Amino acid sequence: MIDACSQDSKRLLTVQEALNSIKTNTTPVTGTETLPLTSSLGRILAEGVNSPINLPFDRNAAMDGYAFASADINLEHSFILEMVGTSWAGKPFSGQLQPGQCIRIFTGAVVPLEADSVIMQEQIKAEDQKIHFPAHAKPFQNVREAGEDIKQGELLCNSGKKLSAYDISLLAAAGVAEISVFRQIRIGFFSTGNELTALGQPLESGKIYDSNRYTLRGLLSDPAYHVTDLGIIADDPQLLERHFNQAAQNFDVIISTGGASVGEADFVKDILARCGSVNFWKLAIKPGKPLAFGKIGDCHFFGLPGNPVAVTVTFQQLVTPALRRLSGTDDCKRLKLQATTTCSLKKTPGRQEYLRGILSQSDKGEFFVGSAGKQGSHILSSMSRSNCFIVLSAESSGVQSGDQVTVEPFDLFL
């Protein structure tokens, strides 16, 4: 693909080609650790977990009522049974139910083996120990069978699953106290540039505050990652090369921002070529055309652009899938929706563009999207206002208000 706005005639990689290259050149971690369930939220299962018990563990009542055996009763007519005990949640009825008998039972309590039905308490009339049941009472109702949800030995969660609160709830219900997870991937990140000033320092003319490291820290907030902020590194080739080589000894992934384009002071690509190997660094994507991807030894390296919005776009589209793969999680795809535009959007064919948008939903469930504001790669205010990317294909020459477009809500995967 050739960028119509670029004087560089070299073919640019599409996003999908870049993702394919990343997949080919990344291998999930293999190291594991055993964690208590309380510390496992967001971690990646290294082994499938099978249930040690039936869920539910016992036959139990789905509601408060009375448990009885329907086999010897003519349910076409009303009938009376003698209540001989109670089954509480956590304290089962200890006797044996005989014909002509029933027990009081509460939600979650064990249903006696002899009983096959529970009728809700609102449908009966009690006179001391005599319980009057209505005609046409339905048999086999309101009883949860043992193993109805999960049978003993059945798979609870598969290897590669990123554990959610709901997964942890399922594992806890099965009595699983510890699990084996892949180790955290070690990630170091830094910014490059003589123009950068750390927060807390006075800002001089020609300087800017370094916002990219704070963006990356937020984007890297994930229990599957162990993240280290390596600070700001000046535009000095020898200094950068030394930091790259040192960091490669300690991390699985290095992420830098700035220094990935073709300016005189942009050294990342050349340094990476000397230290290791470069797989690609020019993409048919806007913002974010310059991007370096390679390895220094066993350490993966991502050299992102310096413009703040380009950092976010390239991270979300390319780095996030790579990190998920490295951490051992299942393959996943970013959620895409179709929405109606509420404004026109200009575009020149050549690169796939990710515009900052504000996605909304009508009372009828229809999706609408509008621009979040100015779209320059240095404009952070529209990034802050947005909740999605509006994705315009490389071939697109813009859209008109009322057209259907593809949107990607932030941080949603299938």
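**Strands, rings and cores**

Biologist: In which sense do strand 4 and strand 6 pair?
Modeller: This is a predicted model. In it, strand 4 covers residues 65–68 and strand 6 covers residues 101–105. Three bridges join strand 4 to strand 6, and their sense is antiparallel.

Biologist: Which residue of strand 6 stands opposite Ala67?
Modeller: Strands of a sheet pair through backbone hydrogen bonds, either parallel or antiparallel. Here strand 4 and strand 6 are antiparallel. The residue of strand 6 opposite Ala67 is Ile103.

Biologist: What is the strand order of the open sheet of six strands?
Modeller: The pairing in this sheet is mixed. The order of its strands is 7-4-6-5-9-8.

Biologist: Are the rings of Trp88 and Phe106 stacked or edge-to-face?
Modeller: The structure holds nine aromatic pairs. For Trp88 and Phe106 the ring centres are 4.7 Å apart and the planes stand at 15°. Planes under 30 degrees apart count as stacked. The pair is therefore stacked.

Biologist: How many residues apart in sequence are the parts that this pair ties together?
Modeller: Trp88 lies in the loop between strand 5 (79–87) and strand 6. Phe106 lies in the loop between strand 6 and strand 7. The parts tied together are therefore separated in sequence by 18 residues.

Biologist: Is Phe106 buried or partly exposed?
Modeller: Buried requires under 20% relative accessible area.

Biologist: Which residues do ring pairs link into a cluster?
Modeller: Ring pairs count when the centres lie within 6.5 Å. The cluster linked in this way consists of Phe68, Phe79 and Phe133.

Biologist: Which element supplies the largest share of the largest nonpolar core?
Modeller: This core has 35 residues, and those with the most contacts inside it include Leu220, Ile255 and Phe302. Among the elements that each supply at least two of its residues are helix 1 (15–24), strand 13 (185–192) and strand 21 (299–304). The largest share, nine residues, comes from helix 6.

Biologist: How many residues does the other core have?
Modeller: This core lies apart from the largest one, and Ile271, Leu272, Cys275 and Ala292 are among its members. Its residue count is 16.

Biologist: Is Thr26 buried or exposed?
Modeller: Thr26 is in the loop between helix 1 and strand 1 (32–36). Not counting residues up to four places away in sequence, Thr26 touches Phe293, His300, Arg325 and Leu326. Its relative accessibility is 1%, so Thr26 counts as buried.

Biologist: What separates the C-alpha atoms of Thr26 and His300?
Modeller: Along the chain, Thr26 and His300 are 274 residues apart. The separation of their C-alpha atoms is 7.9 Å.

Biologist: What radius of gyration does the protein chain have?
Modeller: The C-alpha atoms fill a box of roughly 95 × 50 × 40 Å along the principal axes. A compact globule of 414 residues would have a radius of gyration near 22 Å. The protein chain has 31 Å.

Conventions
Residues numbered from 1 in each chain as written. Predicted model: local features only at pLDDT ≥ 70, side-chain atom pairs only at ≥ 80, totals over all residues. Heavy atoms only, no water. Core = buried A, V, L, I, M, F, W, Y, C linked by side-chain atoms within 4.5 Å. Buried < 20%, exposed > 50% of the residue type's maximum accessible area, 1.4 Å probe, protein only. Helix = DSSP H or I, 4+ residues; strand = E, 2+ residues; numbered from the N terminus. Pairing = 2+ DSSP bridges. Phe/Tyr/Trp six-rings, centres within 6.5 Å; stacked < 30°, edge-to-face > 60°. Rg over C-alpha atoms; globule rule 2.2 N^0.38 Å. Contact = heavy atoms within 4.5 Å.
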